There are 2 protein chains.
Amino acid sequence: MTDAPYIVGVDIGGTKVACVLADVEGNILARQWQPTRAGEGWQVVVQQLFEMTERVLEGVSYRQVRGIGISCGGPLDSQRGVVYSPPNLPGWDAVPIKQVFEDRFGLPARLENDANATALAEHRFGAGRGTRNMVFMTWGTGVGGGLVLDGRLYRGTNDLAGEIGHTTVLLDGPLCGCGKRGCLEALVSGPSIARRARELAGESPESLIWQRTSPNEATAQHVVEAAHAGDTFARFVLAEAGTYMGIGIANVAQILNPERVVLGTIAVKAGDLVLEPLRQALQVHAWSRVREVLQVVPAELGDRAQDLAAVCLWLED
Amino acid sequence: MTDAPYIVGVDIGGTKVACVLADVEGNILARQWQPTRAGEGWQVVVQQLFEMTERVLEGVSYRQVRGIGISCGGPLDSQRGVVYSPPNLPGWDAVPIKQVFEDRFGLPARLENDANATALAEHRFGAGRGTRNMVFMTWGTGVGGGLVLDGRLYRGTNDLAGEIGHTTVLLDGPLCGCGKRGCLEALVSGPSIARRARELAGESPESLIWQRTSPNEATAQHVVEAAHAGDTFARFVLAEAGTYMGIGIANVAQILNPERVVLGTIAVKAGDLVLEPLRQALQVHAWSRVREVLQVVPAELGDRAQDLAAVCLWLED
C-alpha cells in the first residue's frame, strides 16, 4: 500500500450509487451520487460509477491516489473482488468489479461487503473508536454485521462472518426472508417490527400508530414515531424487538467477548426505547464478566457512514 | 521468542496435574503427573508442579528451553498470567502463576485457559490441521470453546471468547450451572444428557440403560454405551443433544463462518449417534453458503491433547 494521500470510495447500493474522494483523515473532498439504474443491467451501473469516479478525480493526479475502495451488498468474494447476485442488484451474477475498476483506472481496487466496510468506518471514525474488539450491526431493513477482532476486520472463510441477523434466537419462531425460522432478523428488523405491530393491530385500536397510518402501510418508522410520542403499544412493540436484539447480542458476546457493540439505524432512531429492554435482556443472557467489559451503543456516523465505509478499505493494512 | 528446542508444558486440573517436556514438533520427551492436592491450598499444588517441572527438566540446560506453557481452567487473565478462582481449584483466588514460575525457573512463562490451549493443540497437531478459521469445542462435563481465527488464537477482551456453551439456544430452557436458562451446555453436556435420560426414565423402563444402572446413578457414558448397543431410547436422548448442539454450532457458524468445528469427548465417544442429528440441525439452521465451506469433525488428539495444549502456547507467535 502506497502512502498516497487520496482514496476513492465507491458505494454501490440498490437505490443509490455514490463516489467520493477522501483524504486519509476521512475528510470528504468531493462527492457524486446518482439513483442506481439497477434495472438496466450491471454494465450501465458500472458506467454510472466510472463517470462519477472520473468526476471526483478531476484535477487529481492518479499517482496521488492510494486506491479505490468499493462497498457493495453481499454475497461477494472480497479476495477475488467478485460480486455474486446481491438481492438488491438483479443480474449482478459474478461481476468482477475489482478487475473492472483496475482495468479502467489503472489503480488498485478493493471490494468489501457493506456491513464489513461500515464496521471499519465506525471503528476508525465513529462509535467504535479506540476499541480492539468491536461488533458492528446494521439494524434496519436487514440485520447484518461486521466484526473487528484484535483490531482487524474478520471476514470468515468465504466472506460470511458476522451474519448475526441469521442466528436462531427463537426456535420455531417467525419465518425469515432467508428461509430459516426464528432468525434474529425475523424478530427485530424494521419490516419485522412493522409486521408485529400489524399482527397486534386488533388488540391496540387506540394506538397512535393507527391514527397516522393503516395496518397495511405501517412501517417501523411509524412505530418509532408513535413510541417517541408516548404511545404504550408502540413502546411495547419496540421493547419486544429490543429484548430479542439483547438475546442475540448476548449470544454474540458470549462467543466473541467484545468491548463494544455498535448498532445501526433503529438503535439510532429509537434510542433508549430499544436500548433499555436490550440491556435488560443482556443482563439475563450474558455473564456479568462478559458484560463488565462490554458497551452497547448506537452508531455515530449516520449519513457519513456510507461515504467513509469504502474509503476505510484503504486505511487498513 | 527464542528458537530453543524444548518447551515445558504444565497442565493444572482439578483432579490431576501434569508436566511434560516436549520438542517443537510436539514429541513428548518426558512426562510427570500426580493427583492434584487441591484441598491443601494453591501453594501445595505449586510445589507439586515445581517438583514435576524439575524432574522433566533433569539433564536439560535451561538455555535450551523456549518457555513454560501453563494450561488451567478459567477464569484467568492470560496477559497478566493470573488465575481467578476456577470452580475446580478452590482457593486459587488471584494466583499469579506466570510470575511464580518465572521467579522459580528464570524462564519465561505463558498462561492460557485449557479450552484455548486445547484449541491450539487440535489446530496444530489434530483435527484442525491446515485450517485458517477453526472453532474447537470441549463437549463433556462442560461445553467450552477456543477460537482460532485468521490463523491465530482469539481470546476476546477479558479472556472469555469462545464461551459457546453459554449461548442461549432454548429460551426459558433448563437451568444451567452458570445460573442462566437454556444455555447450550444445559442441553448437551454429559450431565445434561444424564439428566434428560433420568427425566424420561418412567417412559422408557425397557431401556438398556436401566439394566446397567439406576436413574440416580446414570451418566452420559451409560447412555452412549446403551446407544452403541442399539438401544432406541438412548439413541433418542443422544439425538436430542446432537440436535441442540447443531443449533448452537449453526449460530456460531453464522457469526464466524469457520471452515472447521472440532468437537471434544462426547463427539469422539458417540460418533454418528450425535453427529448425524447435529448435521441435520445444521442443515436447517445454517445457510448453505456457510455450510459449504464447513466441516464438523470429532477431535483427534484424545489423551495427547492435554499434554500438547500447554506446549502449544510456545509454538505461537
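By what turn and what shift along the axis can chain A be laid on chain B? A turn of 180° and a shift of 0.0 Å along the axis place chain A on chain B with an RMSD of 0.0 Å, the superposition being by least squares on the C-alpha atoms of residues with pLDDT of at least 70 in both. The two copies are thus related as by a two-fold rotation axis.

This is a predicted model, in which local features need pLDDT of at least 70 and side-chain atom pairs count only at pLDDT 80 or more, while totals for chains, interfaces and linings use all residues. Residues are numbered from 1 along each chain as its sequence is written, and chains are lettered from A and ligands numbered from 1 in the order in which they are written.

**Interface**
- The copies meet through the same surface, because 100% of the interface residues of chain A are also interface residues in chain B.

**Sheet in chain A**
- An open sheet of mixed pairing holds five strands in the order β11-β10-β9-β12-β13 (strands are DSSP runs of E, at least two residues, and helices runs of H or I, at least four; two strands pair if DSSP finds at least two bridges between them).
- Its edge strands, β11 (152-154) and β13 (295-298), each pair on one side only.
- Strands β9 (residues 134-137) and β10 (residues 145-149) run antiparallel and are joined by four bridges; A:Met137 has A:Gly145 in β10(A) as its bridge partner.

- B:Ile70 is in contact (C-beta atoms, placed from the backbone, within 7 Å) with residues including B:Val10, B:Phe101 and B:Ala310, leaving aside neighbours within four places in sequence.

Terms used: Two residues are in contact if their C-beta atoms, placed from the backbone, lie within 7 Å.
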